[in-house]
Amino acid sequence: MRKTTSATRLAGTGLAPFTIKATVLCAFLSLPLLAKATGDSLSYLTPKDTIFLSVGQFNEKYFNHYLEPKQTLFSLAKFYGLSLEELYFHNPGLSPQTMRVGMPVRIPIPKQAIEQYQEKDIIPGRFAPVYYVVRKGDTLYKISKSYFDIPMEDIMMRNGLLDHTLKSNQTLHVGWLSLNGIPDSLRAYAGGELGKRNAAYRKLFQYDMAGEREREHQGVAFWPKDMKDETDLMAMHRKAAIGSVVSIYNPMSRRTVYAKVVGRIPDTVYKDDVIVVVSPLVAKLLGAIDPRFFVKVKYHR
């Protein structure tokens with residue numbers, strides 16, 4: 001017998017009590033789980049589901065989908081308008097070999113996919129309510145203007161708020177998501193604007209490599225943590241042509257980032273095992289945690 005989790009009415013939302021059949025709780029990295037339940041393994045979203053959003057480091061919105069029996073990564077990605085590559089980008093270490101029932105899979109949700117108002121096309125039974133989980137440092141103005149572009153007065157009225165005071169882990173009703181999933185036409189690039197820049201560098205890399213001999217080596221990437229985050233997707237390399245683009249693959253996160261070579265690695269500063277020095281933004285997109293991490297680099301001279 002499957003278990004369900006009941007949730008009471010949230011003040012001011014006007015929503016009837018609901019039962020969460022398949023939790024799609026949103027979280028970013030280590031956000032604690034708020035609820036867990038199970039549901040129809042062939043239904044990715046049902047009328048009884050509730051989506052809880054959180055915001056990532058690039059201001060992207062996430063929620064956690066918990067894998068059910070018979071669900072595949074391919075069909076999961078397709079339902080939410082993602083490619084498998086994008087799904088892996090947002091879930092380092094995820095693969096058909098590591099997936100298991102009950103595992104949370106982070107799903108980015110574009111703002112355009114959220115129906116902000118209950119218009120005539122919001123037919124009961126065809127949409128799941130979407131809530132934002134307040135985190136420390138959030139303000140009503142920030143949530144309203146930066147995250148969802150909804151007037152503060154509307155958020156206050158919808159959630160029965162008497163003032164602008166918010167608490168961590170408080171949930172705010174911000175809209176609805178279609179049970180039909182997310183069209184890929186509403187997707188931008190994995191990683192937001194940085195992802196868009198990465199995609200552009202990828203095209204340059206492929207263009208530059210046409211007719212050229214591809215070279216590949218592996219070793220240590222170094223990330224100078226004292227460098228400012230405002231830097232571009234840049235790298236220093238020992239052999240790649242300055243001004244060219246290199247492909248950097250982190251097998252731990254299964255992410256590939258394309259960076260522009262801006263200089264040579266100084267032999268007097270870095271050890272021989274360091275094959276590439278990357279900017280903080282490259283390190284972030286690669287999912288690096290430590291200043292030194294293993295990578296595979298492709299380049300041409």
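Start by selecting Val55, which stands opposite Lys61 in β5. Two strands count as paired when DSSP finds at least two bridges between them. The strands themselves are DSSP runs numbered from the N terminus, E with at least two residues, while helices are H or I runs with at least four.

The model is predicted: local features need pLDDT of at least 70, side-chain atom pairs count only at pLDDT 80 or more, and totals for chains, interfaces and linings use all residues. Residues are numbered from 1 along each chain as its sequence is written, and side-chain values use heavy atoms, with hydrogens and water left out.

**Strand β4**

Next, select residues 51–55, which form strand β4. Here 5 of 5 residues are buried, meaning under 20% relative accessible area with a 1.4 Å probe and protein chains only (exposed is over 50%, partly exposed in between). In a regular strand the side chains alternate between the two faces of the sheet. On one side of β4 are Ile51, Leu53 and Val55, and on the other are Phe52 and Ser54.

With β5 the strand runs antiparallel, joined by 2 bridges. With β7 (residues 127–133) the pairing is parallel, over 3 bridges. Select Leu53 to find Tyr132 of β7 opposite.

**Aromatic rings**

Go back to Lys61 and show Phe148: the charged end of Lys61 sits over the ring, 5.7 Å from its centre. For such a contact, NZ of Lys or CZ of Arg must be within 6 Å of the ring centre and within 35 degrees of the ring normal. Another case is Arg254, which lies over the face of Tyr88 at 4.3 Å from the ring centre.

How many aromatic pairs does the structure hold? There are 9. Rings of Phe, Tyr and Trp (its six-membered ring) pair if their centres lie within 6.5 Å; planes under 30 degrees apart are stacked, over 60 edge-to-face, and the rest tilted. Select Phe63 and Tyr80: their centres are 5.3 Å apart and their planes at 75°, so this pair is edge-to-face. Phe63 belongs to strand β5 (residues 61–66), and Tyr80 lies 17 residues away in the loop between α1 (73–79) and α2 (84–90). Both Phe63 and Tyr80 are buried.

**The barrel**

Finally, select the 6 strands that close into a barrel, in the order β9-β13-β10-β12-β11-β14, with mixed pairing. End at Ala235, which stands opposite Val278 in β13.
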